[in-house]
Amino acid sequence: MTDSSPVDASESDGGLNALVPVLIARAESALSAHPRTRGLIASLPHADTSPLRIGLLGPYSAGKSMLIAALRRLPSADVEELVDAAPKTNEATPHPWNGVTLVDLPGTLSGNDEHSAVARRGVRSADALMIVTTSELPGEAETRAILQALDADGFADRSVVVVNKMNAENSDRAVILDEIRKRLGPFADRVPIVPTDARDYVDAINDTELTAAQRELLVAESGVDALAAELRRIIAPGVGGVRPKAQACELLRVLADAERKWVLDGEELSATETAKKVEETISQAKESVLSALERESDVVASKITTAGGRAAAGLSEKDGVVPVDVARAVREELVLASTDFDAKFSSTMRTAFDSLVAEYGTGVPELEGWVNDLDSPEATIGASPDDTSPFERAVREAAEKAAKAGATKFHEWIGKIAADDSESGDTASTIATWLNERRAGQKVLDAGGKITAGVGKFKPWGKGKAAEKVASTAVKVQWALAVVGPLMDLKSVAQDQGKWAAIKKHRKMIGDHFDEEARRQRTSLIDAGEQHLSEWIAKVEQSLNGLTKQGAEISAERETALEEIKSLHDEAEKLVRPDAG
């Protein structure tokens, strides 16, 4: 398996010559991983020690073939055979020169798509470029082609721009060169611009009637010798110094081709769009519920804290106890806060369900009933039962048992208190009345001390499957009783090792107790709500799998492939343009 670890030029003495083959090997492995890109493997550059290739790129009739004849100093007969004004070159034609190969490419902008395609392939296989234009100046299309070669194709440091036919009549050399620089834009100072007239050079070396002085003048003014010098400068590092960068640039082009292979259309595009839409719809529904869960949990916590503050503020400075009416109001607030949370969370879940049903029909699984199984803390009574009245001990025991065993037996203990003590009976009667006068209390308690059958008959959203789980009203009362347990303990809760504690300390204890419960309930509600939501979302995703499976698989393959392509591209880009941001 090919090593996919990033390459680092700074850690290799071989430089590009050693690092580029590593990237090419990784690219071959990546391209072979999927049928879409396997056909591009043949386009990857491979080890090549053949002479450097300099491609001649330009429009037809720019004089590319004449430049080759001039550089090679061909005799007149060979020149006429090589040069033809018509766009006859329809394939890349190699010509040896100075230990390298000059590749005459078909003229661009000839209107012949085949010629353009061959020229493009020639550019991709070239180590350096001789970009040929004329004194007539390149038009918009030709200028775009030149800039693409210098920028996107990466030839800015491995090319020379040749402005041929400079000795034509009415040619102002300074004006022409200034215009060429303007067209090259940011590359004007990076790429050498050489004015030439290849025809004058060929005539100078082949016209036997010229004097030596005339020949020397024509050769000097033709610029061909200056062009040869620039070409020799470009190829001076040799194959090992020039070709690796050319191969890295070609690797970038192959990777760009690979990326285009992953542009989807037709049924595949439709499948991925459907999968994406389903994913986004489910995600939106999920986020709306989570947002509501967070918000309503904060509301519950705030209400618990506020209730604690009210209880602490209501503490009697006379005897250090919370009045019964205050404790009763606090209990009612707690039950109402929990009930409101259930209603709003269930409503949010129902809204999410309805939105998915509206989009995808009855295939969306029905919601399970939300059951808020409040985790009631144990009411810890810190005072010793010694030296307390029977009523105080009875109330304390009732609170503790309510927290541990549940509210379903609570009225039995209240009744026992009422039977044992007249003072106790008044308080017990108040508590029992509070429960019995409220619908929630009537559902929780009946004469036999059991949860009424009425609770079990409640069917959330008409779904009988969840009915047996919904006895949450009883749980809410049990929880509320446990939370207010310290308030029900009357004088004993304010005792500190047999002595009265300071009112301030007692109030702080009550506030801390409710603050802790607020934090605990917020966390518990969020955890339970998230679990409830996650279980339903998992069922939704499973039920809609038929809509998403194909698109999800295609998207996953595409994402994996593009991630590796991007990784390779970024590393090759660093090798080609180490100074780029």
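Tutor: Let's start with naming: helices (H or I, at least four residues) and strands (E, at least two) are DSSP runs, numbered from the N terminus. Arginine 73, for instance, sits in the loop between α3 (64-72) and α4 (76-82). Keep in mind that this is a predicted model, where local features need pLDDT of at least 70, side-chain atom pairs count only at pLDDT 80 or more, and totals for chains, interfaces and linings use all residues. Residues are numbered from 1 along each chain as its sequence is written, and side-chain values use heavy atoms, with hydrogens and water left out.

Student: What is the phi of arginine 73 near?

Tutor: Here's the general idea: most residues other than glycine have a negative phi. Arginine 73 has a positive one, near 55 degrees. Lysine 165, in the loop between β5 and α7 (173-184), also has a positive phi, near 60 degrees.

Student: Is arginine 73 buried or exposed?

Tutor: Buried means under 20% relative accessible area, exposed over 50%, and partly exposed in between (1.4 Å probe, protein chains only). Arginine 73 has 52% relative accessibility, so it counts as exposed. Lysine 165, at 36%, is therefore partly exposed.

Student: How do I read the way helices α12 and α13 cross?

Tutor: Axes are lines fitted to C-alpha atoms, for helices over the stretch in contact, and angles run from 0 to 180 degrees between N-to-C directions. Under 35 degrees counts as roughly parallel, over 145 as roughly antiparallel, 65 to 115 as roughly perpendicular and the rest as oblique. The axes of α12 (residues 266-313) and α13 (residues 324-360) come within 10 Å and cross at roughly 175 degrees, so the two helices are roughly antiparallel.

Student: Which residues of the largest nonpolar core touch the most other members?

Tutor: In soluble globular proteins, nonpolar side chains tend to be buried together. A nonpolar core is a set of buried Ala, Val, Leu, Ile, Met, Phe, Trp, Tyr and Cys residues joined through side-chain atoms within 4.5 Å. The largest one here has 40 residues, and Leu334, Leu356 and Trp536 touch the most other members. Helix α13 gives the most to this core, with twelve residues. There's also a second, separate core of 34 residues, including Ala62 and Val224.

Student: What is the strand order in the open sheet?

Tutor: Two strands pair if DSSP finds at least two bridges between them. The six strands run β2-β3-β1-β4-β5-β6, with mixed pairing. At the edges are β2 (93-97) and β6 (193-195), each pairing on one side only. Strands β5 (residues 159-164) and β6 run parallel and are joined by three bridges.
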